[in-house]
Amino acid sequence: MKPEEINVYREVQKNAEMAIKAIETLSDKVYEDEFGRQISRQALKYSDIRNRAMNKLLEAKAEPVHQNYLSDILLKGAVHMNTLFNTSTSHLAELMIQGNNRGITEMCKALNHNSQILSVQGKSSMAVELAKELMDFEEKNINVLKKYL
């Protein structure tokens with residue numbers, strides 16, 4: 001596996017893990033059942049994507065991204081601060097939309113910085129396909145979450 005592919009898989013893993021942690025942190029603040037089920041389904045899909053990225057990294061004997069406790073604390077702290085005075089479903093949906101937008105942006109950066117793998121003989125690599133799947137999923141999440149605004 002090329003180093004660029006490893007970089008993309010790591011970014012996919014990191015992006016999905018951040019989304020899962022954000023959803024876990026927000027879950028305690030959700031009071032609307034339908035919204036809670038929606039973000040739980042999203043967490044399951046993020047877990048699936050993260051696991052596929054990690055499996056590819058492990059198959060290539062590459063080191064997956066390790067948990068960074070400082071970034072976890074910062075993420076959880078930011079969620080708690082942003083929901084300190086407002087835990088309405090609309091506000092939580094807005095935070096989730098912002099997170100999805102950040103995720104899409106980070107994946108675009110990762111693909112642009114590792115552009116040598118964008119196509120191998122006219123065909124996208126598996127890493128790029130998984131990154132695009134994640135970006136498409138995040139775009140769909142934004143559209144679904146808009147109805148809760």
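Reader: Is the crossing of α2 and α4 left-handed or right-handed?
Author: This is a predicted model, in which local features need pLDDT of at least 70 and side-chain atom pairs 80 or more, while totals for chains, interfaces and linings use all residues. Residues are numbered from 1 along each chain as its sequence is written, and side-chain values use heavy atoms, without hydrogens or water. A crossing is left-handed if the near helix is turned anticlockwise from the far one by less than a right angle, and right-handed if clockwise. By that rule the crossing of α2 and α4 is left-handed.

Reader: At roughly what angle do the axes of helix α2 and helix α4 cross?
Author: The helices are DSSP runs (H or I, at least four residues) numbered from the N terminus, here residues 33–59 for α2 and residues 89–113 for α4. Axes are lines fitted to C-alpha atoms over the stretch in contact, with angles from 0 to 180 degrees between N-to-C directions. The two axes come within 11 Å and cross at roughly 20 degrees.

Reader: How are α2 and α4 oriented to each other?
Author: Angles under 35 degrees count as roughly parallel, over 145 as roughly antiparallel, 65 to 115 as roughly perpendicular and the rest as oblique. The crossing angle is roughly 20 degrees. α2 and α4 are therefore roughly parallel.

Reader: How many residues of the contact of α2 with α4 are charged?
Author: Contact means heavy atoms within 4.5 Å, and F35, I39, Q42 and Y46 in α2 meet T89, L92, A93, M96 and N100 in α4. Ala, Val, Leu, Ile, Met, Phe, Trp, Tyr, Cys and Pro count as nonpolar, Asp, Glu, Lys and Arg as charged, and the others, Gly among them, as polar. The contact of α2 with α4 has 6 nonpolar residues, 3 polar ones and, for charged residues, a count of none.

Reader: Which residue forms an aromatic pair with F35?
Author: Rings of Phe, Tyr and Trp (its six-membered ring) pair if their centres lie within 6.5 Å, and planes under 30 degrees apart count as stacked, over 60 as edge-to-face and the rest as tilted. That rule gives 2 aromatic pairs. In the one with F35, the centres are 5.0 Å apart and the planes stand at 65 degrees, an edge-to-face pair whose partner to F35 is Y148.

Reader: How far apart in the chain are F35 and Y148?
Author: F35 is buried, as is Y148; buried means under 20% relative accessible area, exposed over 50% and partly exposed in between (1.4 Å probe, protein chains only). F35 lies in helix α2, while Y148 is in the segment after α5 (126–145).

Reader: What is the angle between the planes of Y46 and F137?
Author: Y46 is in helix α2 and F137 in helix α5, so this pair ties together parts 91 residues apart in sequence. Y46 is buried at 1% relative accessibility, and F137 is buried at 14%. Their ring centres are 5.0 Å apart, and the pair is edge-to-face because the planes stand at 75 degrees.

Reader: What is the relative accessible area of L145?
Author: L145 is in helix α5. Apart from neighbours within four places in sequence, L145 is in contact with F35, I39, Q42, A93, M96, I97 and N100. L145 counts as buried, with a relative accessible area of 0%.

Reader: How many nonpolar residues are in the contact of α1 with α5?
Author: The axes of helix α1 (residues 3–27) and α5 come within 8 Å and cross at roughly 25 degrees, which makes α1 roughly parallel to α5. E5, V8, Y9, V12 and N15 in α1 meet M126, A127, V128, L130, A131, L134 and E138 in α5. This contact of α1 with α5 has 1 polar residue and 2 charged ones, and its nonpolar count is 9.

Reader: Is the crossing of α1 and α3 left-handed or right-handed?
Author: α1 and helix α3 (residues 69–82) pack at about 40 degrees with axes 10 Å apart, and that makes α1 oblique to α3. M18, K21, A22, T25 and L26 of α1 make the contact with D72, L75, K76, V79 and H80 of α3. The crossing of α1 past α3 is right-handed.

Reader: Which residue has a positive phi although it is not a glycine?
Author: The residue lies in the loop between α2 and α3. The phi is about 60 degrees, and the residue is K61.

Conventions:
Helices (H or I, at least four residues) and strands (E, at least two) are DSSP runs, numbered from the N terminus.
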